[in-house]
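Hi,

Here is the structure I promised to pass on. Have a look at it first, and my notes follow below.

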Amino acid sequence: MGRVTERRKVIRIRDGAESTRPDTLVAEEPLEIRLNGKAIAITMRTPGDDFALAAGFLVSEGVLGRADELQSIVYCAGATADGSNTYNVVDVRTAPGVVMPDITLERNVYTTSSCGLCGKASLDAVRTTARWTIDDGDDAPPVRLEPALLAVLPDRLRAAQRVFDRTGGLHAAALFTEDGELLDVREDVGRHNAVDKLVGRALQDGRLPLSRTVLLVSGRASFELAQKAVMAGIPVLAAVSAPSSLAVDLAAESGLTLVGFLRGASMNVYAGEHRIALRAAAAQG
């Protein structure tokens with residue numbers, strides 16, 4: 001739709017010299033998500049992949065888990081008083097017979113990276129709504145990742161960020177195989193939205209649960225991002241910055257491998273160390 005970036009005038013100062021020029025900025029607009037006609041959340045996002053974002057959000061809320069549970073996603077015509085379509089309101093229709101989970105969906109609030117419940121209530125909510133346990137798949141050897149493989153993933157993510165190169169203002173989330181092959185990458189002004197876009201596309205393609213994959217996110221690893229990984233069946237979450245304490249608690253309880261401060265050959269493993277080849281790393285070091 002051509003709304004991923006916008007142009008604004010900027011006064012540029014370099015070494016005391018001033019000049020006026022246009023600058024390319026990442027677009028940010030609200031998206032209202034409706035479920036079967038009822039508004040449940042509003043998130044600030046970068047336009048694009050809106051249907052995948054809405055589907056991924058509902059995976060993280062425990063509403064959807066399989067492609068056949070999703071009947072349709074549409075932009076709402078007449079979303080404004082004058083009847084125009086802003087492309088900022090989507091309605092997700094579930095297939096007949098899909099049972100809504102016993103969690104409160106009627107938040108109808110501005111969604112931020114700090115939204116949701118707090119403390120033990122958050123952990124309990126994920127435990128009771130998760131469709132899958134975090135494992136490495138049936139009849140398969142355990143996932144075992146070399147630190148050297150994890151170390152190259154941020155550069156692979158950065159190389160795939162097309163809009164970031166033009167704006168410098170986007171978060172990104174990427175999904176890799178256990179061998180480091182890039183499966184998908186999504187960008188958004190909100191890192192949680194970027195993850196929802198990844199997970200939502202996987203749902204639409206019938207690829208959930210995302211076992212034997214690695215989710216890499218720019219920035220920090222919040223509880224919400226750990227929750228989204230668990231709800232999608234992703235066994236490994238890595239972030240280039242710090243995790244929160246509740247993210248570590250959720251990872252430890254659910255069996256999620258959580259890696260933070262992934263910068264070059266340096267990283268911290270906060271939970272799920274059984275998937276990281278630590279002895280091999282020590283021998284090499």
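Strand 5 (residues 70–75) runs antiparallel to strand 6, and the two are joined by five bridges. Within that pairing, isoleucine 73 has valine 92 of strand 6 as its bridge partner. Strand 6 also pairs with strand 3 (residues 29–35), this time in the parallel sense and over four bridges. There, glutamate 32 stands opposite valine 89 of strand 6. Strand 6 itself covers residues 89–94, and five of its six residues are buried.

Helix 7 is another element to look at. This helix spans residues 245–254, and its buried residues are Leu246, Ala247, Val248, Leu250 and Ala251. Glycine 255 comes after helix 7 and has a positive phi, near 90°.

Now to confidence, as this is a predicted model. The chain has a mean pLDDT of 85, with 84% of its residues at 70 or more. Of the chain's elements, strand 11 (residues 236–239) has the highest mean pLDDT, at 98, while strand 7 (residues 110–111) has the lowest, at 44. Across residues 105–118 the pLDDT is below 50, and the model gives this stretch 33 contacts beyond near neighbours in sequence. Residues 280–285 also stay under 50 in pLDDT. For residues 280–285, the model has three contacts beyond four places in sequence.

Best wishes

Definitions and conventions:
Residues numbered from 1 in each chain as written. Predicted model: local features only at pLDDT ≥ 70, side-chain atom pairs only at ≥ 80, totals over all residues. Heavy atoms only, no water. pLDDT = per-residue confidence, 0-100. Contact = heavy atoms within 4.5 Å. Buried < 20%, exposed > 50% of the residue type's maximum accessible area, 1.4 Å probe, protein only. Pairing = 2+ DSSP bridges.
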